[in-house]
Amino acid sequence: MLKDILIVYGYNVIVAWQSLKNLANESLEHARMELRNQLLNYGKFKGYEVILVFDGKYTKSIASIEEITKGFIEVYTDDGETADSFIEREVFLRKGKYTNVYVVTSDGAEQNQILGSGGLRIPARELQNDVRLAKQEERLQYTHKHHRDQMVLRRNEVYDHLAPDVAEKLEAIRRGTK
């Protein structure tokens, strides 16, 4: 079964999301980590594979491709390669291997290039809204499941709702002493 893949231009998203932009003003590394964490949760919840791409020129580390978890890859391009060119190549290599190849960027020229390569574009602010909605949906599912589990537990805890003398008699029967 083919999956969807989400390729995200990291710095483009950091600049577009006000909360990440504010964080980046204090620490670009923390903004990257926060974006990674949000995309890890989002990708897992939606069932997407995710490639998070950063231009290598903004970091002191060397070019790298690291699998953070199964289905989530973080990329720092080489100093001589832009995130745009890496993303364009990935769209070309991955189309046909996935149901949909989504690219998150707000760069107009890059969006046109992606569409021409067979990818689907998602503006950075639209992704922000999708992430927010997915968090709400996930919370609702968890709360519903949690309440359902509590109700099952309550229904099974009859002993707490019995009169003490009845509880004693039932306990004696259970133990076989009466």
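This is a predicted model: local features need pLDDT of at least 70, side-chain atom pairs count only at pLDDT 80 or more; totals for chains, interfaces and linings use all residues.
Local features were taken where pLDDT is at least 70 and side-chain atom pairs where pLDDT is 80 or more, whereas totals for chains, interfaces and linings use all residues. Residues are numbered from 1 along each chain as its sequence is written, and side-chain values rest on heavy atoms, with hydrogens and water left out.

Helices (DSSP runs of H or I, at least four residues) and strands (DSSP runs of E, at least two residues) are numbered from the N terminus. Six strands form an open sheet of mixed pairing, in the order 3-4-2-1-5-6, where two strands are taken to pair if DSSP finds at least two bridges between them. Strand 3 (64–69) and strand 6 (120–122) are the edge strands, each pairing on one side only, and the twist from one strand to the next averages 20 degrees.

Within this sheet, strand 2 (residues 49–54) runs parallel to strand 4 (residues 72–76), the two being joined by five bridges, and Val50 has Phe72 in strand 4 as its bridge partner. Strand 5 (residues 100–104) is mostly covered, since four of its five residues are buried, where buried means under 20% relative accessible area, exposed over 50% and partly exposed in between (1.4 Å probe, protein chains only).

Helix 3 (residues 28–46) lies across strand 1 (4–9), strand 2, strand 3 and strand 4, and runs at about 165 degrees to strand 2; contact here means heavy atoms within 4.5 Å, while axes are lines fitted to C-alpha atoms, for helices over the stretch in contact, and angles between N-to-C directions run from 0 to 180 degrees. Helix 3 also packs with helix 2 (residues 18–26), at an angle of about 145 degrees and with the axes 6 Å apart. On the side of helix 2 the contact involves Leu20, Leu23, Ala24 and Glu26, which meet Leu28, His30, Ala31, Glu34 and Leu35 in helix 3. The residues of this contact divide into six nonpolar, one polar and two charged, with Ala, Val, Leu, Ile, Met, Phe, Trp, Tyr, Cys and Pro counted as nonpolar, Asp, Glu, Lys and Arg as charged, and the others, Gly among them, as polar.

The structure holds three salt bridges, each defined as a side-chain nitrogen of Lys or Arg within 4 Å of a carboxyl oxygen of Asp or Glu. Arg36 forms one of these with Glu74, the closest N and O atoms being 2.9 Å apart. Because Arg36 lies in helix 3 and Glu74 in strand 4, the pair ties together parts that are 38 residues apart in sequence. Arg36 is partly exposed at 22% relative accessibility, whereas Glu74 is buried, with a relative accessible area of 3%.

A further salt bridge links Arg89 to Glu81, with 2.7 Å between the closest N and O atoms, and Arg89 is partly exposed at a relative accessible area of 37%. Glu90 pairs with Arg94, the closest N and O atoms being 2.5 Å apart. Glu90 and Arg94 are four residues apart in helix 4 (residues 83–94), so about one helical turn separates them, and Glu90 counts as buried at 9% relative accessibility.
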